[in-house]
Amino acid sequence: MNLLRFHSRINQLVMLLLVGFLAFSISSCKDDDDDDEQVDTPTLYDRVGGTEMVTDPVNGGQIQKGRLTLRAVVDSAGPIIVTDPRLAGDFQILLAELNDGNTSGLAALSKNLTDFFVVATSGGEVGSYTGLNMKDAHDPAINDDRLVSKSTDAEMDAFIEDVGKSLAKNGVTDQALINDLVALLETLRGDIVQE
């Protein structure tokens, strides 16, 4: 009887292993099928140029096409934004520096914004951002060497509108892409608007 019970247990164990193996095999095949059918959705970074290397028309050498596009938008948005009377209070320090011939603050802002947008549009897959987080960057109590007041919803709206003008100035006319970039900016509203 013990021998019969032993064989019964072995058969149960073999059956469990067989069922487990079949379940694993079926799920593995299903996962493989899903991978074949899954289409990778390009990131915003991919859609504005991606990681293809191109010649940097400003600094020479090579630059990723996506970074070049974002830098061009940031650089052309800068003058639009800092001279927008609706945003004048936000850029008093930067404008004073520029009036004195000091462009270091503008260069740092351009680099930080470009780095931030590269990371944000690539989902963190490309580049690095070492600046302040958005909440601290827009808090005059923390970033008092750059800001004199907190941002309002109206100022955020003006900023987004000015970025839209810069996109158009750089030939970005794909409405779906513009909508996605605006949606990305809107995700920052809670950190930027502090008044």
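User: Which helix gives the largest share of the lining of the largest pocket, and how many residues is that?

Analyst: That's α3, with 10 residues. Keep in mind that we're looking at a predicted model.

User: Which other elements give two or more residues to that lining?

Analyst: Besides α3 (65-82), there are α5 (104-121), α6 (134-137), α7 (153-169) and α8 (175-186).

User: What makes this space a pocket instead of a cavity?

Analyst: It comes down to whether the space is open: a cavity is a set of points where a 1.4 Å probe fits but cannot get out, while a pocket is an open set. The largest pocket here holds about 1,100 Å³ of space. It is lined by 45 residues, and the closest to its centre are Phe91, Leu109, Leu113, His138 and Phe159.

User: What kinds of residues make up the lining of the largest pocket, by class?

Analyst: You'll find 32 nonpolar, nine polar and four charged residues there.

User: Why are α7 and α8 called roughly antiparallel?

Analyst: Their packing angle is about 150°. Angles over 145 degrees count as roughly antiparallel, so α7 and α8 get that label. Their axes are 11 Å apart, and α7 passes α8 in a right-handed crossing.

User: Which residues of α7 and α8 meet?

Analyst: From α7 come Met156, Phe159, Ile160, Val163 and Leu167, and they meet Ile178, Leu181, Val182, Leu185 and Glu186 in α8. By class, this contact has nine nonpolar residues, one charged and no polar ones. Glu counts as charged, so Glu186 in α8 is the charged one.

Terms used:
Residues numbered from 1 in each chain as written. Predicted model: local features only at pLDDT ≥ 70, side-chain atom pairs only at ≥ 80, totals over all residues. Heavy atoms only, no water. 1 Å grid on protein atoms, 1.4 Å probe; cavity = no way out; pocket = protein on both sides within 12 Å on 5 of 7 lines; lining within 4 Å. Points joined across faces, edges and corners; volume = space filled by probe spheres on them. Helix = DSSP H or I, 4+ residues; strand = E, 2+ residues; numbered from the N terminus. Axes fitted to C-alpha atoms, helices over the stretch in contact; angles between N-to-C directions. Parallel < 35°, antiparallel > 145°, perpendicular 65-115°, else oblique. Left-handed = near helix turned anticlockwise from the far one by under 90°. Contact = heavy atoms within 4.5 Å.
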